[in-house]
Amino acid sequence: MTRGPPSVAPVIRNDGGNVGVKYVKRFMAAAAAVAMVGVSACGAPPTSQSDEQKNTAPSSPPPPPPVEIASVDHGNVEGLTEASFDAHGVTTTIPVTASSRLLTAATMVVKDKMLRNAAHVGAESDDVSWQLVASSPEVVGVMLTQEQQGGEAAGTSAGAVWLDAVNNEVVGSAALIDETQWSAFLDLVREVAVTEQADAEAIIQALSTPAAPYGDGPAMAFESSGNLVLRVAGEELVDLRIEAESVDPMLSEFGRRAQQAATSPQAFTGAPPAAAGDGAETPTPAPDETPEETPDETPVAQRPSVRIGPDCENKSCVALTYDDGPGPRTPEILEQIAQHGGAATFFQLGQVLEQNTDVGQQIVAQGQEVGGHSWSHPDLRGLSAEGVTEEIRRTNDLMTQTYGQEPLIMRPPYGAHNQSVDEIANQHGLALIQWNVDSQDWQTHSAASTTAAAVGAAEKTSAIVLMHDIHDATIEASAEIYRQLAENPEVEMVTVSELGLGAAPIQQGHAYCSSPAEPQEGFDCAG
């Protein structure tokens, strides 16, 4: 009796090339030969092989399967939905996690930074998508992938967001590797990269920087088998596989939990983990001094920061904010932000956004942050609970319709709030953002005065600057503000939410005048 050859699919490279065709053809030929032997076995005995056939070298082993980062079912994360945006050549889809405000904020921050990077180099179009790569009661992992066209840096990049629910913090890819094993890890990556004919030294250099999009560091995640994958940016993404048996001894305690969440996903509900294992690794800032090396010792490579977001520990982080828009001249501010690689947060009135949705979408397409500022600018303290709710709800609904996602922050008109306003903001998932630098642009209408106030904010460890994008003088001040801050190496321009990704996250229902890690000194920060 006869058996037909098994059906074999070609192996496909990540870049779309069909590297498995020759192998498949060889396999099919061998399968046909097996079938022919089966025919002769049922009939006449097979003929003996010739000496030439006996001496034929065996076929080469099949190529390894293509790299495939674990893809976890969205149902594992309680309250997980998607937020989509499509305007001005920008298309984004990111997760919104009702069970973790921190994860939602971190994912949004990384997406926005990707868009700002693209705007800074003049990208003509940009696409950001996501993948759930790990889930357990203790860990959730999200991979963001960006593809941009046009501009100076067309190509692809990726960023990973890892939620450590044990410590209630978000960390980057470097946190997967034990700090004491970083040098050994670099050696392993170099060895694998050389074997795979990748640019080993470029990858090692990238690993010395913070993970993308805040540096060039590759995003890291796991295959369902436990292998580690480095996703390297370039004209096309390159996925570099590090076998589990080689990298396992180098994983941090958090890295082992993340690997388990990728290989054996479990439900994440947002509830505090019942058990934290043998203790979670808490990322620590880099030491102020490098240990002295002896001439005979090989220098130990230092693991880059595991934090997601800007370096607000070593730089002054300035969050420039604008109220009452979007105005007709707001795009002029956006031009200056893009030119100088800056960032800003816009608190918008619902009734104004309703008339200027296109400008609002320009803001979001460029990766700037938006928050609510009520619908009609009343003093919320003078309204009933129903009135406050209506002002917030109506604005949130329009922002969701316009941007695809509810805001996470708001600024009450005049900065005026009380316990009732705070409680209603909390019910809507909103933190209240005040300020510790008032430019007084609404009063002086002076470009010089506004510039001096905004630039002077760099003297603070972290600053939230109040301005308004509806005043001509403020628009005219923007060129000098962004130029001077960009030229100051001790300053990092940030969005408000970037201030809240450190050890002290921004919490809904609370009011802030600066980074949550700083003493809250400013205008009515209590709450």
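I shall begin with the basis of the model and then turn to its cavities and its sheet.

This is a predicted model, in which local features need pLDDT of at least 70 and side-chain atom pairs count only at pLDDT 80 or more, while totals for chains, interfaces and linings use all residues. Residues are numbered from 1 along each chain as its sequence is written, and side-chain values use heavy atoms, without hydrogens and water.

How many cavities of 30 Å³ or more does the structure hold? There are three. A cavity here is a set of points on a 1 Å grid over the protein atoms alone where a 1.4 Å probe fits but cannot get out, and lining residues have an atom within 4 Å of a point. Volume is the space filled by probe spheres set on the points, which are joined across faces, edges and corners.

Finally, the open sheet has six strands in the order β1-β2-β3-β4-β5-β6, with mixed pairing. Strands (E, at least two residues) are DSSP runs, numbered from the N terminus, and two of them pair if DSSP finds at least two bridges between them. Strands β3 (residues 125-135) and β4 (residues 139-149) run antiparallel, joined by ten bridges. Within this pair, Ser135 stands opposite Val140 in β4.

Methods:
1 Å grid on protein atoms, 1.4 Å probe; cavity = no way out; pocket = protein on both sides within 12 Å on 5 of 7 lines; lining within 4 Å. Helix = DSSP H or I, 4+ residues; strand = E, 2+ residues; numbered from the N terminus.
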